[in-house]
Each structure stands twice: as structure tokens, then as C-alpha cells.
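Thanks, everyone. Please have the sequence and the model open while I talk.

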Amino acid sequence: DSFELLIEGRADGIITEPGGVTIDEIKCIYMDPGRLEEPDPVHMAQALCYGTIYAVHHDLEEIGIQLTYCNIETEEIRRFKEVKTREEVEDWFKGLIHEYVKWARYLYHHRMRRQECLKTLQFPYAYREGQKELAACVYRSVAEGRNLYIQAPTGVGKTMATVFPAVRAMGEGLGEKIFYLTAKTITRTVAEQAFSLLKEKGLLYKTITLTAKEKICFCEEAECNPDACPYAKGHFDRVNDAVYELWTAEQSFSREKILEQAEKWKVCPFEMCLDLSSWVDGVICDYNYVFDPNVKLKRFFGDGVSGDYIFLIDEAHNLAERGREMYSACLAREDVMEIRKYIKPYSPRLYRALGRAARQLLEIKKEGETERILESTGTLPLTLLQAQGEMDRLLEEPPSQEVVDRILDFYFQVRDFLNISELVDENYEIYTSEEEDGKFRIRLFCVNPASNLQECLNKGKSTVFFSATLLPMQYYRKLLSTREDDYGIYVRSPFDPEKRCILTCVDVSSRYTRRGYEEYRRIAEYIARMAWQKKGNYMVFFPSYKLLEDVKQVYEQEFAADWVTCVCQTPSMNERDREEFLEEFKEQGETTLVGFCIMGGIFSEGIDLMGDRLIGAAIVGTGLPQVNTEREVLKKHYDRLGENGFDYAYRFPGMNKVLQAAGRVIRTKEDVGCILLMDERFRSTEYRILFPEEWNDMHICRMGNVESILKDFWKRNVLDIQ
């Protein structure tokens, strides 16, 4: 049918005996093999594929097909064997291949049309300053199979300048699929808009946006079993038709379209979404789907699986901290004791195994100070492996659903701890701590995730890291990749510096030693003096909710005006709350709005309040993370390596928050706004060298002259913004 298919695989065993040849497919399991009544149909199908290939290649009249199940711990074995004639396996195999024909035909013709349109695809609008050069660098990086780091301020058009050359590179056969990776939902929308704009210009290109299971599930709780979920029951009987129908009808697969199709066919929307990802040209998703060892898409990034993938990593500064989280794990002794006590009536063997683990943790606790760095975890992983095996047995046939619900989270904690323990090397620190909840924890902390991230990046061909705050670039290069041939570029801001006023307020501080009414009042007065100079919308970013509340109270009591409205970010905001908060920032009217927000929070990056929806921002403090055990471990680690540990643990992450918050103000070349950096430390060399080049026109101010400086600035620009 005009196709030549290549089917390949590696059989676990080919047993040649006088009576004939047997293909052996081996599966390692934790459950008792004696409980198996028949082989898994998918496992049997895999063995039948190997059997067909071998029988045809060696012209055999019949072939044995054997499934061997082996318990990893006990090495107990259970085998299932049957003998098939060559005619039987060939007929079965032809039927299997026939199922792929309509998919192959559509995929083939889609790719032919896609490649044809890519040859003539043009950039969708006139290049902005620096954008063409940026796109050229991205294309060269993909062509050479290299990694590229891009520091480019807001307004350059980073998204289109990375998406367009990546798509064109696919047109030249330099890539197989694009993965556009983001840390936040709102940046996924920006990527969708970029692809949509190219499609309006004639691009034939299928894209899908992956949504977390919890957010896309129809049920209140994502309980994925046929007894509890009507969409899981019979899912596999219907999902192929559901996927094919949607795949052939649309170019973009948004969350809304996925939900509509899943409801129509009564299938799981999340699983259908994952199946669709195999057939599209571009995938927009969270970092987790590529990097997280528990979540990553095994169909693309599993063991022995790779491709000519192009990774476009947006807001790449977030990946360093996210990487540390994904490749770290911890276990609390109190959790071990709690589960041990609970399961005693149900599994004496698990009770004893957890008892050994609890004793080992107690011995570690007694050896020295509660908070200290360990050289190794000793024999704890071996004990936990035995406990995991017992939990597997208990979960195979649980006494009740209550038992499952009670121990499942703990089971995953143990699994994660064991998986991460296999990764521990010089990039890890093992430490113990006793935190506010009173629990004694042992933590496997990935201080430098570069090696683990690189293992994932090696599954593709080329990676482009880009952000408006990728400074200092050398810091991020050390944390995101281990490749020596990586290179970075710095793109200057295309905006007129006359339309932006950056002031460093040197007579105020957010240091803990200075906190109190007098300092709160000074910060509040700065906010008031900023807002008095021009009516409009402002945001003030604080390092913590405590400081936010203290300053806001003083501001409202002593500096509030009838024409000023205050809105405040809260810790418990849901998606609707966030939308309502941003809706307050309307086009300029006759009033002033001051939004009190958290630095590094949901409103400090990824939001676009263009024009006069936001005309000023004040950043209170240097954004330094709070001092805690983890940060101190990080600091000491880099100190031992001869680096400045304070930079790695505190200053660099803090300044990234500052730059992100400041970037909310100027979003387009028409925007006009002011930025107040409110901390005396911004004046020091250690911080100034971390500012982007376009901040060279920053001015020093004090309470006595801040109003006159802002007044002059708005006087010069008032005609532009009216």
C-alpha cells in the first residue's frame, strides 16, 4: 500500500532445542507469579511480534511463544508457553499491521504537505530589532545539534524568534518534533498563540498542549480504575477511534477540544491527550513531561527511546530550582513509624521491615547533630527496598480501599527515595534535619541538577534555553547542562530608555535587622510618593506575606487616599481569584490602583499588563530566599568547590526574582513606566553587576527627591501615554 514498514525489536531469549525454536519474553515483577492465571495480552503480543519475525526469517513451520514472569526478590518463576504455526503468527501479524495502515497513510500525507508549506513559510510580521539575528542563532544551533542560551528582555519577541526557526529546521529535515517547555500555564498560552499565528500564515502543523491529569480529569478525584471512573471503563476499546477522529480533523488540540472529544467518546481525557502527543508535530507542556523521573513521557524519553527532538525551554531560569526538586527526595522517620503502626494487623512482614527502617533512622539521628551532612545513607535503601516489596504484596490484594488510601502516598515516598538514591553522586548532598513540624528527615538533595537534566536532553537533538532573566549566564549554564560546546547570546532591549525610569532607593532596607514600624513606614511612604505623581495602576512586590501585610497596614492607615484602591495577593488564590485580581488592572481611569504582590509569585512573571494597565512597580528587597537548612547546605557545597556559595544559594536566585518583577512594567515599545528598587543593597557592586546592560541609566534616589525625579519623568512622557 505504498508503504515500507520497518519493525524491529530485541527478544529476551531464543531457545533452540531439538523439538523446535521458542521465543522467550521475560518480565520482572514484584507480585507472586503463582497468582497469574494467564499472560498479559500486551506481553503476549510483544512475543508474537518477535515470533513472527523469527519464523519468517528462518522459514519455520511453527514457533514456540513463551512468557516468563520472574519475581525480582524471590526469583520465583512462572512460564506460559504455546506453539503457533507460521500461518497463525503471519495472519495475526498482518492483522496487527493493518490497524496501522490508515494512521500511516494520513501521517505520511500530512508530513508531505507540512514539508511543502515549510519551504515557503515566512516570518509572520516585520522583524523587530534583534529578532532576526536571534532567529538565525536558533536555526544554526538546531542545525549543528547544539544547546543555546538566550538572555533577551521582554519585547524582543523570544517566543516567535525560537518557534519559527525551529519549525523551519524541521522543514529541512533537521528535527522530528518540537517540545515547547514551560513552567507556568500562562506561558503555554503564549506558545499556543505563536503557533496559531504561523498557522494563519499557511503553516500545516499539528500541536497539542498537555494539561495535568488533576486539571483535566472529569471526576472530582483522579481515581483511575474502571470501577470508580466511567471514562476509564472501556477506555481502550474506544480511544483509538477517538484519537484518530480528532487527529485528522484539527490542527491544534487545546484543553477545551480534548475535553469535548473525551466526553463524546467517553474516554479518559488525560490518556487520550498523551496518545495524541505521539502523532502531532509539536508538544507544548510543563517541564515535568521531559525531565521528571516520575512523570516524563516514556513513549519519547523512556529507556532506549530517543529522537531528533528540538527542545525550546521558555523561562529557563525556573528549570534550575525545578530540577533540584525533581531529582531530590526525602523520608521522615515519623512517617515510617505512623504507617508501621497502622499496617501491623494487615502485614507482619511489612511491620518488621518498617521497624528496621525506623531503627536505622533513629541511629542516624543519635549519631550527631540533628542538622548535618552525611557521607551516605548506609543500608537504609536495602531495608526500604524490602519494605517496598512487602507493600507491593499488600497492595496487590488490599484488605480494603481504606488501606490503599492510607499507605499509597507513603509508598510513593519510598519509591521516590529508592529511585533517587540510585542517582546520588558528587552532585548530591545527603543531610538530615528536624523541621517545624517536629519530624526528623533524611534528604537526598540534588544541589546541581545539570547531569540529570542532560541525561534527558540527550534524548533529543538540540535545546534552546531562553528567558528575560538568564543572568548571570554562566551560573545557569552550570546548572542546566554539562555540555562544553554550549554557547549563549545576549539580546539588547529594543525599547526607548527614555520611556522607562529606574530608581534605586538607598535610604530604605528590607533586612531583618531593620524591620519595624519606622522601616515599614518608609517603604509605605515611597509607595505613596510613587503613586501620587501619576494616576494609574502600580504593583508593589514583597519578599514575604508577613512584610507585605505589615507595610500594607501602615500604608492604608497613614497614606491612603480616596482615589487610591488597594488589592492584595493572598496565599490561597485559585485560578479564578487570580483572574479577578488581574482584571482590576484596567485601562487607565481617574483613579489609582496599587496591587500588593509577592516577589517570585504568580504575578511577578509571565503576566502581560500592556499599555497603561501597569505604569509602575516597586520591588521591596533583593529577593533573597529565606535562610533554611537546604539553602545552607547549598551554600556550603559551593563554598567547598571554591565558588561563592552565597551567590549560588541566595544572591543569584534572589536577583532573578527582582528582574522578573521589574519586567512586568515595560512590555511593548509604546509602554511607559517607572521601577523603584527599594533596598540599600542594590547600590553595592555585588548586585549592580547582575543588572542587565539596559539598566545602565539607573538613578540613585532618596525620600527627599524621589517625587521630583518621577514628576520630571512623567512630564516628559505624559504626551506619549495619553
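Start at K201. Setting aside neighbours within four places in sequence, K201 is in contact with L121 and P124. This is a predicted model, by the way. K201 sits in the loop between helix 5, residues 185–200, and strand 7. Buried or exposed, or in between, for K201? Partly exposed, with a relative accessible area of 49%. Now look at C117. K201 and C117 are 84 residues apart in sequence. In space, C-alpha to C-alpha, they are 9.9 Å apart.

T207 is the residue opposite G282 of strand 9.

Two helices to note here.

Next, backbone geometry. Most residues other than glycine have a negative phi, and most peptide bonds are trans. Here are some exceptions. K266 is not a glycine, yet has a positive phi of about 55 degrees. K266 is in the loop between helix 8 (255–265) and helix 9. K266 is partly exposed, at 37% relative accessible area. E315 also has a positive phi, near 45 degrees. E315 lies in the loop between strand 10 and helix 12, residues 317–326. E315 counts as buried, because its relative accessibility is 13% and the cut-off for buried is under 20%. Then the cis bond. The peptide bond from L471 to P472 is cis, with omega near -10 degrees. P472 is in the loop between strand 15 and helix 18, residues 473–480.

On to the helices. Of its 17 residues, 12 are buried, so helix 15 is largely enclosed by the rest of the structure. Among the buried ones are L380, P381, Q388, E390, D392 and L395. What do the buried residues of helix 15 pack against? Strand 11 (329–332), helix 13 (333–343), helix 14 (348–366), helix 16 and strand 14 (440–446).

Helix 16 then. It has 21 residues, 401–421, and reaches 30 Å end to end by C-alpha, close to the 30 Å expected at 1.5 Å a residue. Where is the kink in helix 16? It is centred on I407, at about 40 degrees. I407 is also one of the buried residues of helix 16, which include V403, V404, F410 and Y411.

Now strand 17, residues 500–505. It is mostly covered, with 6 of its 6 residues buried. R500, I502 and T504 point one way, and C501, L503 and C505 point the other. Strand 17 has two partners to show you. With strand 22, residues 673–678, it runs parallel over 6 bridges. C505 is opposite M678 there. With strand 23, residues 699–701, strand 17 pairs in the parallel sense over 3 bridges. T504 is opposite I700 in strand 23.

Strand 1 and strand 2 form it, with 2 residues between them. Strand 1 is residues 13–17, strand 2 is 20–29, and they run antiparallel with 5 bridges. G13 is opposite D24.

Last, the cores. In soluble globular proteins, nonpolar side chains tend to be buried together. The largest nonpolar core here has 131 residues. Those with the most contacts inside it are F291, I313, M539 and L677. Pick M539. Beyond four places in sequence, its contacts include F581, L582, F585, C597 and F603. A second, separate core has 40 residues, among them M530, Y538, F542 and F559.

Key:
Residues are numbered from 1 along each chain as its sequence is written. This is a predicted model: local features need pLDDT of at least 70, side-chain atom pairs count only at pLDDT 80 or more; totals for chains, interfaces and linings use all residues. Side-chain values use heavy atoms; hydrogens and water are left out. Two strands pair if DSSP finds at least two bridges between them. Helices (H or I, at least four residues) and strands (E, at least two) are DSSP runs, numbered from the N terminus. The expected span of a helix is 1.5 Å times one less than its number of residues. The bend at a residue is the angle between axes fitted to the seven residues ending there and the seven starting there. Buried means under 20% relative accessible area, exposed over 50%, partly exposed in between (1.4 Å probe, protein chains only). A nonpolar core is a set of buried Ala, Val, Leu, Ile, Met, Phe, Trp, Tyr and Cys residues joined through side-chain atoms within 4.5 Å. Contact means heavy atoms within 4.5 Å.
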